[in-house]
Amino acid sequence: MKRAPRLRSKRGLLLCLLLPLFAGCNANSPENRFLFAEKLLEDRKYDAAINEFQEIVDRAPHSELGLDSQLKIAQIEHLYLGRPKEAMDAYREFLRRNKDEKKRHEIERVLADLLFQNFENYDDAIASYSKLVDENQSNLDSEEIYFRIGRALFLKSQFQEAIKSFQALRNRFPNGKLTWKAELEIGNSLSAMGKCADAIKQFEKVAQAAPKEQSVLASFGKATCLEEQDNLDGAYEILSQIKKDYPAPTVIELKLQKIKRRKILRKR
């Protein structure tokens, strides 16, 4: 008596059980593998999902399903497993074969953000962001890209260039969602350059007109500049006023104590 044909693996059996709608289940077809990989992802079996998607990529790297699988691998590494290096490699492999310009722009933005946030590679991040702006001036995320360029320059201590980037954002998006954040960063850049008089004017402008979040931070910046200028009473008064609203009240308390000690020492 002949035995019934056996599936090659338990995985093949599971695939058929998961996909009952497919007559004559072919567990190893790319379509079935993709559905199985997505089920593994849904079940939070991330490494197993990557292995399944990689099988599809290895068999048909230039197919639509192969490209989708390559992108899934990158997204799992990035968004679920928090492995930025592996994610970068996977995204770049996707870009190497991708022909869709819109998708290319999206992934290049993701890569620029990884360089900025995860690797703190500000030089390459600035180059990537600048390329994205140059390629598509009307893109909806251009405002945020300008801001990221300014922040990267600030973090590289290139304060004058950072100011230019924040001013470019302000001029291009005068009513944008990041306009007041850019104005605040101009004040921070001036302060970092030691130009406290100019920074105070900028901070006052933000404190008077910006939404509360930026207004409080601008007041803190002004107080810091006044402290630098040895105007301890002025700094103390501002810090006392914003203590309730500042996002880190303990920081304000520490600065108030520091100013108190300085005032006591001054009287001796």
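Glu135 is partly exposed, with a relative accessible area of 38%. On this scale, buried means under 20% relative accessible area, exposed means over 50%, and partly exposed lies in between, using a 1.4 Å probe and protein chains only. The model is predicted, so local features need pLDDT of at least 70 and side-chain atom pairs count only at pLDDT 80 or more, while totals for chains, interfaces and linings use all residues. Residues are numbered from 1 along each chain as its sequence is written, and side-chain values use heavy atoms, with hydrogens and water left out.

**Salt bridges**

Let's stay with Glu135 for a moment. Its salt-bridge partner is Arg104, with the closest N and O atoms 3.3 Å apart. This pair links distant parts of the chain: Arg104 sits in helix α6 (residues 101-117) and Glu135 in helix α7 (residues 122-135), 31 residues apart. Helices here are DSSP runs of H or I with at least four residues, numbered from the N terminus. A salt bridge is counted when a side-chain nitrogen of Lys or Arg lies within 4 Å of a carboxyl oxygen of Asp or Glu. Side chains of opposite charge can pair when their charged atoms come close. In total, the structure holds 33 salt bridges.

Helix α7 takes part in another such pair. Asp123 and Lys156 meet through their side chains at 2.7 Å, N to O. Here too, distant parts of the chain are linked: Asp123 belongs to helix α7, whereas Lys156 is in the loop between α8 (142-155) and α9 (159-172), 33 residues apart.

Further along, a salt bridge of 2.4 Å (N to O) joins the side chains of Lys243 and Glu253. Lys243 lies in the loop between α13 and α14, and Glu253 is in helix α14, 10 residues apart.

How accessible are the residues of these last two pairs? The table lists them.

| Residue | Relative accessibility | Class |
|---|---|---|
| Asp123 | 49% | partly exposed |
| Lys156 | 26% | partly exposed |
| Lys243 | 32% | partly exposed |
| Glu253 | 26% | partly exposed |

**Helix α14**

Helix α14 (residues 249-267) has 19 residues and reaches 27 Å from its first C-alpha to its last, close to the expected 27 Å. That expected span is 1.5 Å times one less than the number of residues in the helix.

Which residues of α14 are buried? They include Ile252, Lys255, Leu256 and Ile259. These four cover an arc of only 105° around the axis, which puts them on the same side of α14; the arc is taken from the directions from the helix axis to the C-beta atoms. Thr250, Leu254, Arg261 and Leu265, on the other side of α14, are exposed. Among the elements covering the buried residues are α12 (212-228) and α13 (232-242), where contact means heavy atoms within 4.5 Å.

**Positive phi values**

Most residues other than glycine have a negative phi, and most peptide bonds are trans. Asp230 is located in the loop between α12 and α13 and is partly exposed, at a relative accessible area of 38%.

Arg44 is another non-glycine residue with a positive phi, about 65°. The loop between α2 (30-42) and α3 (46-59) holds Arg44, which counts as exposed at 65% relative accessibility.

Notes
Helix = DSSP H or I, 4+ residues; strand = E, 2+ residues; numbered from the N terminus.
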